[in-house]
Every structure is written in C-alpha cells, then in structure tokens.
Amino acid sequence: MIAYLVTIAILVCVAALVGLALNLQWGLAGLVNFGVVGFVAIGAYATALLAPYVGWLPAMLVAAALSAILSAGLALLSIRLEENYLAIVTIGFGEVVRLVILNEDWLTHGALGIADIPRPFATLGQAVGGDTVFIVFALALVALVFCLLEAMARSPFGRVLRAIRDDATVTAALGKNVFALRVRAFAVGGAVMAIAGALHAFYLTYIDPGQFTPIVTAYAFMAVIAGGRGSNVGLLIGACSIMALLEGTRFLKDFVTVIDGVQLSALRLGLIGAGIVLLLILRPQGIASEPKRRAADLLHDMGEDR
Amino acid sequence: MAAQLFFNGLVTGLLLALPALALTLIFGVLKFANFAVGAMLTLGAYAAWVANVQFGAPLVGSAAIAAVTVAGAGLLADQFAFERLRQRGSITLLVASMGVSLVIENVCRFFFGNASRGFDVALSRPIRWQGVRINQEQITIAITVVVCLVLVDALLRFTPLGRAMRAVADNAALAAVRGVERRAIARLTWALVGALLGLAGVLAGLDRSIDPLIGWNYQIAIFAAAILGGLGSPIGAVLGALTIGVAEEMSALVIPTNYRQVVSFAVILALLLFRANGLLGAKAARK
C-alpha cells in the first residue's frame, strides 16, 4: 500500500510540473500546445542519455535547455499562426518526437528503451531506505518550479503575457513585442516540461516510447482546466487531487475483477476526456480562478474566459 | 516502382479526402478545428466491424450503419458539448474537441480492446495493369470516395441545404437575417460530416487493420490536407488530400517508410511559413 502511495505521489509531482508548464503557455499566455508529450519525452531521453556521464543535475539542466531551444524554435516557426494551426503544428511536433525516439535505435534504443538511469542522491537514498529521499527530492523540485513560475506570473513578464492573451492588438499598440514575448513563454514552458520528463526518468529509472503517449498531454490539459487557467495555486491544489484520484484507479484492477487492465485504462482516459468537456462547460474558471490583480479589479468587464 | 507508389498515393489521398472534407466543413460552418475527426473515423470503423463481423451484415450495409452511428455521435457531441461552448471562442472548442476525441477513442477501446481486427471480406487477387498492382480494396475505396465527393459537391452547389451551409460559413449573421437558422444548419452539417467520417472509417478499415488508434494515425495527414487546401474550402480539402496522399507514398523513394508521417508535418510547416492561407483561401496568421 505504501508503495502505491509513493508511486502516486511521484506521478502527481510529474503531472504537476507538466501542468505548471502548460499553465504558463496556455493559461497565462493563451498559447495552445498539444505537443506537451514531445517536450516531456525530450526531457526524459536527454536526461537518461546524459545522466550516467555527467551526473544528474547537469543532465537535467542540459535537457531543460535543449527542450527550451526546440520549443523556442517551434514557436519561432509557428507562433504567429492562429490557434487552430498552432494546435496542429504542436501535435505534429509531438508525433515527430515519438517517431524519432522509436526509430533512431542508435541513440534511443528504439522500442526497447533505456534502462539503469541513475537517480539523484542514490547513495543517500539507499542509506535511508525506500523512496523517502526521492519523494523529498520530487517535492522540492515541484516547490522550486512553483515558486519560480509564480514569481514569473507576478512579474511584469507575467502581466504582459496576460495582456497578450486577453488582447494582443492592444498590447502590441502599447509597444510590447508580442512575438518575442510569446516565444519566451513557450521556451520557458518547454524547459519545465523537460524537467518533468527528467523527474519521470529518474523515478522509473527505465524509459521507453510507450510511456510517452498523447495521454500525457491530455492529463496536462485536464490539470490546467481543473485547476483554473492562469492560477498556479489552483493547479497544485485542484489538479493534484484529481490526478491522485485518476492515478489511484490504476490500482483498482487488483480489487475489481470484472473488467481487465485495458478496459480500466480506457475507462480512465475516457473519464479524462469527459472531465475536460464537463469542466469547460460547468466550471470554466476551474477550482481556483486566476487571481485578479489590482488593475484587473477596476476593469470588471474584461472577460477572463478567453 | 514510382508508378506504383503514385497510384497508391492517389488512393491514400482519396481515402484522406473524406475526413479532410469533414474537417473543413465543420471549420467553415462552426469555425473551429475539430480534433475529434480521427476518433470519429475510428468509431466508424468499429461500428462497421460490429455489423459486419459480429452480426454478419454485408459490407455495404455495415458502411451505412457506420455512417449513421458516427452521424449520431457527431450530433450528440454537438448537442452536449460544442453548442454549449460556442460563445467561448475557438480555443475552448478545440480543447473540448480533444476531450470528445478521448471519450470516443476510449469507448472503442473499452468495448473492443487494443487488438487489431479486420472486416470479413473475401481475399481477392490484385489486378495488374501496365505493371501497376491494383487491389480490390483500392478500387472499392476509389469508387466510394469519388461517388461521395460528387454527391457532396452537388449538395453544396445545388440544394437549398448546401446554399444555406455556404451562407452560414460565409457570414452567419447575414445568413440569420435572411432566415437561415444557424442551429439547424449546424445539426445538418454534423450529420453530414459524421456520415462522411463513418464511411472514411470503413474504407480505412479495408485499407489497414482496425485498432483504437486507426483514426489517430490519420490525424496529422487529415489536418495537413485540409490546411493545404485552405481550411474552409471543400475543393481545396480534396486537392490537398490527393497531394498529401501522393507525397506520403512517394516519400518512400527518399526517406525511410517509418518517417512517412513526418511528410505531412513538414508540408504543414512549410505551407504555414510560405503561404499561410493555404492553396485556396483561409487566413492562418493572427493579428
């Protein structure tokens, strides 16, 4: 039972990181990214390939930088596009990443995946026993990223991103470089997704292409919608509880014998889909709506459902 | 070799034409990109499979059942999801369509599992013509799609419904002033689009084995086709589908076949960079 809880806690941490990243891109800056899983996979693979040689921290940082660069590149190419097109370009990117991972055996070992990824603080972890040290590490990572992104959301950078989301034309007229700001938001999001991928790789110590399906993207969207777009606190509280519930059903198969594992996972994913639609309809502002800050208080008619 | 690939490409293109047309019609009338096209295609394939294999219906009858089933699913999705979110703008709608896509795909997975399935059709010897091998399935696909395209074209051009659809796509407010009811047109569009996707699912099931990801595997190619033709342009979607089909198959001459899907992605990127409006119409760049 304890092992289950530990697994759930770590998966929730990974999901929270991905959610925080998407919350910056989509919640704050209004940029749809359906290729989330691609960036997570890049982070996981870059970390897995580098960690044995350079150590976990440099590997993770390089992974984040790599993902940020690719993310910025994709954004440079496509962010001027209207959201429908941005959405399909990002989906395409995710699929390309999947194909490369699956087919470039010399680098990624294809479908076999990469095993024996060293964990951070492995010796300390063994001394203490169990996954205690790793959980502390995961929680610290989430806390760190949360603080950084929250500070970013409160900074002038976050403010101008919200302004762009609500009305890009007005923001441009005020002299802001909308294009460059969007690219930066996308790059930061990409870096955080890579860190989530790194945490995933560290925990499982084994990665293969099957772990990185579009479902990761769906989870992230569910998390952001449930938590309240633009609200990092809402994301952590709301999304984590929902993620925990959904992940919890993974272990139902030990108790329920009427339906098999495939059906259970289908049920879980179908529920996520239904949840996305229902939350959009019934509670578009999420569990904790985006905190309105001073200027916004004066302008009540500024719609926040966009 | 090249001739064979070109021919295969044309058939793949025809297969893509129906879902690309469906995508573009929804975009034209309802103004959002429906990411559930792939999943609806999957649903069509499974509906026909149930009728064909489990109930022993002939393939034509199964195809009709698939068309009706997916049309029904489209109407349900419209009624319970998309119509309620209509005022929230296209981003919300496209995220919602992703949710709908997950629901449909996993309903199929729940009932039928991940196993690959196939229709109960007699194996037949391919025809050889000028050194090109032509399968019976390819002939069926080509004829069905061409007939569908002619019918849809006639519908859009000559019938009151087609005129009304084009009017709503062009300017919904003006159409409303002239007494065209948007809601009714939206429903009829969903029914038509559902039928097209259902048929496309059956044809896809003839072409390859049926599994829960059959539609998802076409998704990027479908979008590439519709974007190539300019989202919202029916003729453009068909031309785009043929181009993408041929490009994907012919790419086997220069790149490993594992990377076939990358072709569609590259086409989308190149197109959006150099000709953001597609070949025929539609605006892609934002203000």
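Q: How close do the axes of helix 4 of chain A and helix 4 of chain B come, and at what angle do they cross?
A: This is a predicted model. One helix spans residues 83-103 of chain A, and its partner spans residues 90-112 of chain B. Their axes come within 9 Å and cross at roughly 35°.

Q: Which residues of helix 4 of chain B make the contact with helix 4 of chain A?
A: Chain A brings A:Glu83, A:Asn84, A:Ala87 and A:Ile91 of its helix 4. By class, the residues of this contact divide into five nonpolar, two polar and one charged. From helix 4 of chain B come B:Ser90, B:Ile91, B:Leu94 and B:Met98.

Q: How many residues of chain A are in contact with chain B, and what area do the chains bury between them?
A: On the chain B side, 45 residues take part, and they touch 51 residues of chain A. The size of an interface is often given as the accessible area lost when the parts come together. Of the area buried here, 70% is on carbon and sulfur atoms. The counts and the area are 51 residues of chain A and about 4400 Å².

Q: How many salt bridges does the rule find across the interface of chain B and chain A?
A: Side chains of opposite charge can pair when their charged atoms come close. The structure holds 12 salt bridges over all chains. Across the interface of chain B and chain A, the number found is zero.

Q: Which residue of helix 4 of chain A, three residues apart from A:Glu95, meets A:Glu95 in a salt bridge?
A: Both partners lie in helix 4 of chain A. Three residues is about one turn of the helix. The side chains meet at 3.1 Å, N to O, and the partner is A:Arg98.

Q: Are helix 1 and helix 10 of chain A roughly parallel or roughly antiparallel?
A: Helix 1 covers residues 2-28, and its axis lies 7 Å from that of helix 10. The two pack at an angle of about 170°. Angles over 145 degrees count as roughly antiparallel. Helix 1 of chain A is therefore, relative to helix 10 of chain A, roughly antiparallel.

Q: How many charged residues does the contact of helix 1 with helix 10 of chain A have?
A: Helix 1 brings residues including A:Val6, A:Ile10 and A:Leu17. Helix 10 brings others, among them A:Phe186, A:Val192 and A:Leu199. The contact has 18 nonpolar and five polar residues, and the charged count is no residues.

Q: Why are helix 2 and helix 10 of chain A called oblique to each other?
A: Their axes come within 7 Å. The crossing is right-handed. The two helices are oblique because they cross at roughly 55°.

Q: Which residues is A:Val216 in contact with, leaving aside its neighbours within four places in sequence?
A: A:Val216 lies in helix 11, residues 215-227 of chain A. It is 203 residues from A:Cys13 in sequence, and 13 Å from it in space, C-alpha to C-alpha. The contacts of A:Val216 are A:Val37, A:Val40 and A:Gln211.

Methods: Residues are numbered from 1 along each chain as its sequence is written. Chains are lettered from A and ligands numbered from 1 in the order in which they are written. This is a predicted model: local features need pLDDT of at least 70, side-chain atom pairs count only at pLDDT 80 or more; totals for chains, interfaces and linings use all residues. Side-chain values use heavy atoms; hydrogens and water are left out. Axes are lines fitted to C-alpha atoms, for helices over the stretch in contact, and angles run from 0 to 180 degrees between N-to-C directions. Helices (H or I, at least four residues) and strands (E, at least two) are DSSP runs, numbered from the N terminus. Contact means heavy atoms within 4.5 Å. Ala, Val, Leu, Ile, Met, Phe, Trp, Tyr, Cys and Pro count as nonpolar, Asp, Glu, Lys and Arg as charged, and the others, Gly among them, as polar. Angles under 35 degrees count as roughly parallel, over 145 as roughly antiparallel, 65 to 115 as roughly perpendicular and the rest as oblique. A crossing is left-handed if the near helix is turned anticlockwise from the far one by less than a right angle, and right-handed if clockwise. Buried area is the accessible area (1.4 Å probe) that two parts lose on being put together, summed over both. A salt bridge is a side-chain nitrogen of Lys or Arg within 4 Å of a carboxyl oxygen of Asp or Glu.
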